[in-house]
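Open the model in your viewer and keep the selection tool at hand. Each stop below says what to select and what is there.

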Amino acid sequence: MPRGPLMIIGGAEDKVRKPTILKHFVALSGGREARIAVIPTASSLGREVVEVYEALFTKFGAAAVEAVRPESREQAHDPALVKALDDATGVFMTGGNQLKLSSIVCGTPVGDAILRAHERGAVVAGTSAGASIQSSHMVAFGVGGATPKQRMTQVAAGLGLVGTTVIDQHFDQRNRYGRLLMIVAQSPQLLGIGVDEDTCGLVEDVDGDLVMRVMGKGAVTIFDGSRMVSNAYEAKRSSPLLASGVVFHTLPEGSVFNLTARALVPQRPAVDPEEADELAEAGRDLRQLARDIAAADATPAAIARRLKKRRTPPTSS
């Protein structure tokens, strides 16, 4: 069985006017048969955050929504919480403090159940903190800024649903270019993925490769440091870092990127509807002309005059 889709949401996803991303999550989870487990451990809001997502997912047609909220590593061993995840067709991790989320969930039976859900084909989604924890390496905390500087952020272990990556969120809105690039400069084997607000990277297994399609109003930014040159190993304190040769991708909605091959997947260009209609009409006229000539119905000149007359709108009297 192929692994289930991953939805990496950059935070602040639209919940009212155009909740496209959340609707898509429910649809992928099974629509009216969806059984969704919401993990709000990262949030400080308590039951309120669960009620928001429960109302939304139910409105979008989900059959059942259940809270899975371990508040300690001991609670993350609770068999009832594990069973809720084992029964789920969709798992949704809310925003909040990603270091709290990873320190409670990773390496526990609840964390293992999330991995099992993904392996058996369930959808695993997360917004903000819930997005960051999906990577193998996770931004724990740090400051914003466009320039990568030594020690501007810290890294912790994530769930590893997307291997050899580090994911950051609220990316453009909070100017997190520098801190993501700092991590890539220190660990060039990691693919840096920054997701804007109300934007989602939908990751699916396609013939053994992880392929990401972008949806939402923002963009996904990718830093590929495979061939970069950096001085991160010798830079002192908070000095700016050398980061040369980084491959930079900005991916708006509709873009498709192969995370395994680290390459853009070409897409067919969009066709203008009016242009398509004109081409279709021209094709119909040419086919009719060929039929008329073949039937010796008239000379080509007479047929051309007839077509011209057909296309000329009648004059009003």
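Select glutamate 281: it is partly exposed, because its relative accessibility is 40% (buried means under 20% relative accessible area, exposed over 50%, partly exposed in between, with a 1.4 Å probe and protein chains only). Glutamate 281 lies in helix H8, residues 273-294 (helices are DSSP runs of H or I with at least four residues, strands are runs of E with at least two, numbered from the N terminus).

This is a predicted model, in which local features need pLDDT of at least 70 and side-chain atom pairs count only at pLDDT 80 or more, while totals for chains, interfaces and linings use all residues. Residues are numbered from 1 along each chain as its sequence is written, and side-chain values use heavy atoms, leaving out hydrogens and water.

Next, select strand S1 (residues 6-9) and strand S10 (residues 199-206), which pair in the antiparallel sense over 4 bridges (two strands pair if DSSP finds at least two bridges between them). Within this pairing, leucine 6 stands opposite valine 203 in S10.

Finally, select arginine 179 and aspartate 168, a salt bridge with its closest N and O atoms 2.6 Å apart. Is aspartate 168 buried or exposed? Aspartate 168 is buried, because its relative accessible area is 0%.

Terms used: Salt bridge = Lys/Arg side-chain N within 4 Å of Asp/Glu carboxyl O.
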